[in-house]
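The structure is shown first.

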Amino acid sequence: MPWKETCVMDQKVQMIGDWIKDEVSITELSELYDVSRPTIYKWIARYEKHGADGLKELRGFNNEVQQMKQPTIYSS
């Protein structure tokens, strides 16, 4: 039997589906999907605001945040 392949987006959609069914708690989702509870709450908020598009990776945003965290070095 071949390995089952899944991508991050598929897992996010599946997790949101499990949350919508209201059969498991956020803590149980965290354990099932090996994702922190704060991350799950963030994904749920994005889903509620933007639908499935809110679950897409925000690479540009993450890069901007990383650049802001780096110290600015001034040379004379």
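## Contacts of Lys56

Beyond its neighbours within four places in sequence, Lys56 is in contact with Met9 and Arg46, contact meaning heavy atoms within 4.5 Å. Met9 and Lys56 are 47 residues apart in sequence, while their C-alpha atoms are 6.8 Å apart in space. Lys56 belongs to the loop between H3 and helix H4 (59-69); helices are DSSP runs (H or I, at least four residues) numbered from the N terminus. Lys56 has a relative accessible area of 45% and is therefore partly exposed (between buried, under 20%, and exposed, over 50%, with a 1.4 Å probe and protein chains only).

## Basis of the model

The model is predicted: local features need pLDDT of at least 70, side-chain atom pairs count only at pLDDT 80 or more, and totals for chains, interfaces and linings use all residues. Residues are numbered from 1 along each chain as its sequence is written, and side-chain values use heavy atoms, without hydrogens and water.

## Nonpolar core

The largest nonpolar core has ten residues: Met15, Ile16, Ile26, Leu29, Tyr33, Val35, Ile40, Trp43, Ile44 and Leu55. Such a core is a set of buried Ala, Val, Leu, Ile, Met, Phe, Trp, Tyr and Cys residues joined through side-chain atoms within 4.5 Å. At least two residues of this core come from each of helix H1 (8-21), helix H2 (26-33) and helix H3 (37-50).

Apart from neighbours within four places in sequence, Trp43 is in contact with Lys12, Met15, Ile16, Val35 and Leu55.
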